[in-house]
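I opened my notebook and went looking through this structure, piece by piece. Here is what I looked up.

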Amino acid sequence: PKRDSEGGIPMTQTPILEVRHLYKIFAPLDFRGEKKMAYKLLELGATRQDVLEATGMTAAVTDVSFRVGKGEIFVLIGLSGSGKSTLVRCLNMLHRPSRGEVLIDGEDITAYDEVKLQKLRRTKISMVFQNGGLLAHRDVMGNVGYGLEIRGVKKEEREAKALEMIRMVGLEGHERESLDSLSGGMRQRVGIARALASDPDILLMDEAFSALDPLVKNDLQFELLRIQEQTGKTIIFITHDINEAFKLGSRVGILRDGRMIQLDTPEKMLSAPANDYVRRFIDSVDTTKVLTVKHIMTVPGSVIKKTDGANVALNSMRASGVSSAYVVSDYMHFDGIITLEGALSVRDGKKTFEEAIIREVPFVRNLDAPVSSIVPLAAKTQYPLAVVDEHDVFRGIVTKASVLSSLSV
């Protein structure tokens, strides 16, 4: 099907969220009469600074449009002052747009009154802030269940739901602990659990991991991907970290001075940056976090069936010029590796074929895992890593050479 102009979701698919020509202009009271001039200047391509000097108004967001599909992780990225946090706050009307539409399930929420907006924020869209926005006087359980409490959900039901979310984010056993006793990463998990407890369709995350140290941030990024896979939530993620954006986002939008200057998949953005600004912005990208296992894996030269035996293994290795073969059982399930030495031992009667198969070998079960995540594993294993899918079907191998070459892309 035809796709939208940003290479995004199919035009035939109804987006869960759609932003149409959104503007947010901040104006001092005595300058509000200048709005028409501000819009005109922006439509003509004037910069934010030009508009400020001419009208006294700050164009935080200028003519931004995009569509987000159900279950997508959509990332907005930009430097400080790019308008990304203002834009995300327009998605739940914490900031009311100056012009344009925000549609959720096809309904323009910019026309909502406060009663409708309150219901929207309690049921359809939740937000996780950089500092978590947690209640210091409540324990973990009290924070996670807070949104359900203000909706009037009975204690037994909301605590059961809160406990489910606490387990999902990996905080089981900490239900009654105070926030002061938790690390920064744990507090951020509480914030995610609280946002998920109300079962929203859309989760907004504004610089949620930016204050955390790199190791904790990496763990939470992985957890977020796992939770999204498990729940199917639509996530709008705001960050200033290009590596984080490319790791999490199925599509990424880059903002500059309130304008969307490129919206694309990480791979397309890397291969075809829209302009020099985007090119400079992504120069710091760690390509091992963009390239995934499926991009660098290859088909092994020697694959044999478990029922073949040592002679077939030796012939296969000889033909391929390798010293080991990958053994598969029924339905291409990965069983292990047999080496040249092992096959010779079987042929000489020193061990059985079953005994010669090496099964305690590291392998990768996620074709979409970033290459960066398998570097330590590839470095310590003596054999190329076997790659299997979620059904344990053998899909290929990753060699040390392919990992090393990806580091120098």
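**Entry 1**

I started with α17, where the buried residues are V371, I374 and A378. These three cover an arc of only 65 degrees around the axis, which puts them on the same side of α17. (The arc is that of the directions from the helix axis to the C-beta atoms.) On the other side of α17, I found P376, A379 and K380 exposed. My cut-offs: buried is under 20% relative accessible area, exposed is over 50%, and partly exposed lies in between, with a 1.4 Å probe and protein chains only. A reminder to myself: an α-helix has 3.6 residues a turn, so residues three or four places apart point the same way.

Before going on, I noted that this is a predicted model, where local features need pLDDT of at least 70, side-chain atom pairs count only at pLDDT 80 or more, and totals for chains, interfaces and linings use all residues. Residues are numbered from 1 along each chain as its sequence is written, and side-chain values use heavy atoms, with hydrogens and water left out.

Helices (H or I, at least four residues) and strands (E, at least two) are DSSP runs, numbered from the N terminus.

**Entry 1: an enclosed strand**

Next came β8, residues 234–239. Why is strand β8 largely enclosed by the rest of the structure? Six of its six residues are buried, so that is how β8 ends up enclosed. I checked both faces: T234, I236 and I238 are buried on one side, and I235, F237 and T239 on the other.

Then I looked for the neighbours of β8. Strand β3 (residues 73–77) runs parallel to β8, and five bridges join them; I73 has I235 as its bridge partner there. Strand β7 (residues 202–206) is also parallel to β8, again with five bridges, and M205 stands opposite F237. From β7 the chain crosses through α9 to β8, a right-handed β-α-β crossover. (Right-handed: with the strands pointing away from the viewer, the path from the first strand over the helix to the second runs clockwise.) For pairing, DSSP has to find at least two bridges between two strands.

What volume does the largest pocket have? I read off about 1,200 Å³. It is lined by 33 residues, and the closest to its centre are L225, K247, N366, D368 and A369. The largest share of this lining, six residues, comes from α9. α17 is one of the helices that supply at least two residues. I sorted the lining into 10 nonpolar, 11 polar and 12 charged residues. (Ala, Val, Leu, Ile, Met, Phe, Trp, Tyr, Cys and Pro count as nonpolar, Asp, Glu, Lys and Arg as charged, and the others, Gly among them, as polar.)

How a pocket is found: on a 1 Å grid over the protein atoms alone, a 1.4 Å probe is fitted, and a pocket is an open set of points with protein on both sides within 12 Å along at least five of seven lines; lining residues have an atom within 4 Å of a point. The volume is the space filled by probe spheres set on the points, which are joined across faces, edges and corners.
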